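Please examine the sequence and the structure shown below before reading on.

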Amino acid sequence: MAMAGRIRSTLPHLRKALSSDSRSALYPAIISNPELSRNYATAPAAKEKKVKVPVTMYGVSGNYASALYISAVKANTLEKVESELLDLIEASKKSPKFSQFMKDLSVPTETRVKAMTDISSEAKFGDLTKNFLVVLAENGRLKHIDAIAKRFAELTMAHKGELKAIVTTVIPIPPEEEKELKETLQEVMGKGKKVNIEQKIDPSILGGLVIEFGQKVFDMSIRTRARQMERLLREPINF
């Protein structure tokens, strides 16, 4: 129980990290970005409803995933869009040529757009997904599709009240400690949230653990502590 105990001792810091996440800050940025301001749906909604992203995302992949999430929620097609994106990702994994095509910026824009339009039609993707892929093709952002799909999946999980926490340790966490760690994270996130833990093994952190949830990282590894100590020791001492 030592590992979960260390997590509990750092709860105030973890809560502070979570409370600093302004969940509504991203929406204006999406609207002001010309690349993301396009409405991917073809038919106008009868009544526009305000939608906020449940987890603030950053970077190109985060911004595109957030814009798509907002459109999908408004169109009530969140699960359909997620499924179609995953189908596209799986197809790219099975075809190195297709995967390389999406990453190759030397391909003319009209060729990329036509390819995405044809693929979407053949796969019977909905209009929202098809239009989104066309926008990526037009803006030369197809190379980010893997990361966008991953961020979109995280938003979909958050929409359902679920959170994936990636816990990195030197050795696998014993079942009892994993259970207590999950309960601790559940406590931090609050009622109504379901925490799913994904374990990663990385001997290079030397010990302790690193927790990633959303786009936040809570680093309690020995490696990081050692680096912090090294920096302190290098600083001049003033008497």
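Two strands are said to pair if DSSP finds at least two bridges between them. The model discussed here is predicted.

## The sheet

With this definition in mind, the pairing of strand β1 with strand β3 can be examined. Strand β1 covers residues 162-169 and strand β3 covers residues 208-213; the two run antiparallel and are joined by 4 bridges. Within this region, I166 has E212 in β3 as its bridge partner.

In what order do the 4 strands of the open sheet lie? The order is β2-β1-β3-β4, and the pairing is mixed. Strands β2 (194-201) and β4 (216-221) each have a single partner strand and stand at the edges, so one side of each has no neighbour in the sheet. On average, neighbouring strands are turned by 20° against each other, direction ignored. Helix α11, residues 222-234, packs on this sheet and touches β3 and β4. The direction of α11 makes about 80° with that of β4.

## Helix α5 and its partners

Helix α5 (residues 78-94) is in contact with helix α9 (residues 145-159): their axes come within 10 Å and cross at roughly 150°. Because angles over 145 degrees count as roughly antiparallel, α5 is roughly antiparallel to α9. The crossing of these two helices is left-handed. On the α5 side, the contact includes L85, L88 and I89, while the α9 side includes A149, F152 and A153. Sorted by class, the contact of α5 with α9 has 9 nonpolar, 3 polar and 2 charged residues.

Helix α4 (residues 59-75) also packs with α5, at an angle of about 135° and with the axes 8 Å apart. That angle makes α4 oblique to α5. Here L68, Y69, A72 and V73 of α4 meet L78, V81 and L85 of α5. Which classes of residue form this contact? The contact of α4 with α5 has 7 nonpolar residues, no polar residues and no charged residues.

## Helices α7 and α8

The axes of helix α7 (residues 109-122) and helix α8 (residues 127-138) come within 8 Å and cross at roughly 165°. The two helices are therefore roughly antiparallel to each other, and their crossing is right-handed. From α7, the contact draws on T109, R112, V113, M116, T117 and S120; from α8, on K130, L133, V134, A137 and E138. By class, the contact of α7 with α8 has 5 nonpolar, 3 polar and 3 charged residues.

How values were computed: Residues are numbered from 1 along each chain as its sequence is written. This is a predicted model: local features need pLDDT of at least 70, side-chain atom pairs count only at pLDDT 80 or more; totals for chains, interfaces and linings use all residues. Side-chain values use heavy atoms; hydrogens and water are left out. Axes are lines fitted to C-alpha atoms, for helices over the stretch in contact, and angles run from 0 to 180 degrees between N-to-C directions. Angles under 35 degrees count as roughly parallel, over 145 as roughly antiparallel, 65 to 115 as roughly perpendicular and the rest as oblique. A crossing is left-handed if the near helix is turned anticlockwise from the far one by less than a right angle, and right-handed if clockwise. Contact means heavy atoms within 4.5 Å. Ala, Val, Leu, Ile, Met, Phe, Trp, Tyr, Cys and Pro count as nonpolar, Asp, Glu, Lys and Arg as charged, and the others, Gly among them, as polar.
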